[in-house]
Structures are given as structure tokens and as C-alpha cells.
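Welcome! Take a look at the structure below, and then we will walk through a few of its helices together.

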Amino acid sequence: MASPAHDLGPVLDQDGVRLTVDDAIATVTLTNPAKRNAQSPALWRALAEAGRLLPGSVRVVVLRAEGKSFSAGLDRQAFTPEGFDGEPSFIDLARGGDAELDATITEYQEAFTWWRRSDILSVAAVQGHAIGAGFQLALACDLRVVAEDVQFAMRETSLGLVPDLTGTHPLVSLVGYARALEICATGRFVAAEEAVATGLANIAVPAGQLDGAVHDLVSAVLAAPRDAVIETKALLQGAQHRDYESQRAAERAAQARRLRDLAGLGE
């Protein structure tokens, strides 16, 4: 990013996650390129904490990753009997009760849920491999700008699992049920051209232009009044669940609020 956020010192820097804030822009960076930003429960807790630490001044959150890969997905150490140091292994979790397993997965999902909060707009800058949990993390954001070398893949089904880190809802919303099922069931790679054509990505650019493209998008978003962006985001999010007439009513109500605010008559 062209933002000077990294010069201001991190708000958070732990377990492969760094959060920096520059006024209206927050940047969350995955910082373990040596392991292709493989994910773990500790990383998920750090991502969830980053969401909690966002100051009220933030309007846009950029998610990026160091190195050639955005994220290679879940660290395979999770599947070993030992698991991660200080963490229950997945084998131990499987042996536990349903309530315990549900609570644990719910905690993991918290790393992926806050990116679509109504008060912020999130942009994922994705290069190289974004596999499994990496794919789902990119899907957690509102928008995706990708490098031309991007390789999305949902590999959970191939491993005998299911995608459980909140990725199924946005995937179906973006590409439709049939294509989403085919992508998940086959575990195949989705490259940049298909990602843009199907709506998975907003734009694809050469890898060297990724930061610049994200900067341009963020600047364009920040040029619009914050309250109008928030209202528009809520209106579009709700459209997925409303029928045509209900959406018309929601548009009228939202516009009435905006007009009153602009006229200084807001509550």
C-alpha cells in the first residue's frame, strides 16, 4: 500500500498477524511468508483481536500478506497427533463432545466474521495461493483485488472435511450454487481471469501493481461520505434476503435518513 501506515507502529503484532492504523485506513498483514502464511488457531485469535482493536476512525480495512502466497491454508501440523503447542489437536477435538466442538469452531470463525461489519469496508489484496482457510479469509472481505498469479482453491472437501470458516455463504452469493459446489467438490484452482469473470474478484492486475490498485480503490471509497457508504453497504447486504418490494421500501427508508442528515434534521 502507498499508505504510511507501517511507519506509525503496529497496534498488534503477534502470531503471524500485524495490525497498523493510519487514520481512516487499517492494514491487517499476514506476516509468516516462510510458511506461506499457513493458518493456526493462534493466528485466528490474533485476527479476531485485530477486529476488536480497530479504532472508530477506521473506515477501510486492507487485508494483505507478505511473500509470494496470500495463505496456503490451514497449517498441516493441525492434523498431526501432537497438533500445535498449547492447543488441543484436531484429533482431540474430534474425541470431545458436540458442544465443545461447536464452541471451538465458533471461536475459530470469529477471525472471519468481523470483516463485513456495517461500519467498515474491507478489501483483500490477494497474490499467489489462497487455499482453503486462505480462500475463506479472502472471501470474508467485502472486496477482493487480486494479482494475475492468484490461485484460489477450496481443498477442505478433498481432505474429507467441509469449509467451516464462513466461506460457503459468500462463495455461493458470488458465483452461484452450481459453480460453488463444483469448486468445493473438485478442489480445483480458480485463476485470476475466472475469478474476475465470476465475481470472486473485483479486479486483477499484474503482481507488481497490486498495492497500487488497492490504494486507488481505497482512495475512491474514502472520497465518498462515510455515512452514505455505510447506508449503501447495509442496503446491498440486505438485498440478498429481501424481496423486490421490501428492497424498494428499504431504499426509501435509507434515502430518507440520508436526506434528513444532509438537511441537518437527523436525530
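A254 is buried, because its relative accessible area is 6% (buried means under 20%, exposed over 50% and partly exposed in between, with a 1.4 Å probe and protein chains only). This is a predicted model, where local features need pLDDT of at least 70, side-chain atom pairs count only at pLDDT 80 or more, and totals for chains, interfaces and linings use all residues. Residues are numbered from 1 along each chain as its sequence is written, and side-chain values use heavy atoms, leaving out hydrogens and water.

**Where A254 sits**
- A254 belongs to helix α10, residues 244-262 (helices are DSSP runs of H or I with at least four residues, numbered from the N terminus).
- G134 lies 120 residues from A254 in sequence and 35 Å from it in space, C-alpha to C-alpha.

**How α9 meets α10**
- The axes of α9 (residues 226-239) and α10 come within 10 Å and cross at roughly 170° (axes are lines fitted to C-alpha atoms over the stretch in contact, and angles run from 0 to 180 degrees between N-to-C directions).
- That angle makes α9 roughly antiparallel to α10 (over 145 degrees).
- Among the residues making the contact are L235 of α9 and A254 of α10 (contact means heavy atoms within 4.5 Å).

**A look at α3**
- Helix α3 covers residues 98-113, and its 16 residues reach 22 Å from first C-alpha to last, close to the 22 Å expected at 1.5 Å a residue (1.5 Å times one less than the number of residues).
- T104, Y108, A111 and F112 of α3 are buried.
- The cover over these buried residues includes α1 (41-52), α2 (90-95) and α4 (133-140).

Methods. Helices (H or I, at least four residues) and strands (E, at least two) are DSSP runs, numbered from the N terminus. Angles under 35 degrees count as roughly parallel, over 145 as roughly antiparallel, 65 to 115 as roughly perpendicular and the rest as oblique.
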